[in-house]
Amino acid sequence: MSLAILLVDDDMSSRLLLAEFLTDSQFDVTAAGDCQEALNAAAEKQFKIAILDMNLPDGTGLELIQKLRPIQEDIKCFLLTGEAEHDVRDKCEQENVTIDGCITKPFSLAGILAEIESVTS
């Protein structure tokens, strides 16, 4: 069975590119365009990893993590962002949210695989 990944990004082209790449890399990918879509998916299926855009139309990646963790306790969460990693980590600390990694845009596909492998090996 392949590793289940929840991918949440409101930018359709990025979402499609990443979903295709991860699927081709043998992951079971569920893609969503906003927080509500992601929460609906999480209510139906268990995910090992979530890759979440920081800014979504109906909330932030940090808010989404806070809603996902109670229903997906063991999920590893990565934020996808155009902001500097230290700024994102500062926001996480202020909001008392733990993340497993930060993927900075523009991202490399190999870098994303490395992040996933860092929490699954």
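## Sheet order and edges

The predicted model holds an open sheet of 5 strands in the order 2-1-3-6-7, paired in parallel. Strands here are DSSP runs of E with at least two residues, helices are runs of H or I with at least four residues, and both are numbered from the N terminus. Two strands count as paired if DSSP finds at least two bridges between them. Strand 2 (28-32) and strand 7 (101-104) each have a single partner strand, so one side of each edge strand is left without a neighbour in the sheet. From one strand to the next, the twist averages 20 degrees.

This is a predicted model in which local features need pLDDT of at least 70 and side-chain atom pairs count only at pLDDT 80 or more, while totals for chains, interfaces and linings use all residues. Residues are numbered from 1 along each chain as its sequence is written, and side-chain values use heavy atoms, with hydrogens and water left out.

## Strand pairs

Strand 1 (residues 4-8) runs parallel to strand 3 (residues 49-53), and 4 bridges join them. Leu-7 has Ile-51 of strand 3 as its bridge partner.

Strand 6 and strand 7 are also parallel, with 4 bridges. The bridge partner of Thr-81 in strand 7 is Thr-104.

## Helices on the sheet

Helix 4 (residues 85-95) packs on the sheet and touches strand 6 (76-81) and strand 7, its direction making about 140 degrees with that of strand 7. Contact means heavy atoms within 4.5 Å. Axes are lines fitted to C-alpha atoms, for helices over the stretch in contact, and angles run from 0 to 180 degrees between N-to-C directions.

Strand 6, helix 4 and strand 7 form a right-handed β-α-β unit; with the strands pointing away from the viewer, a right-handed path from the first strand over the helix to the second runs clockwise. Helix 5 (residues 109-120) lies across strands 1, 3, 6 and 7, at about 140 degrees to strand 3.
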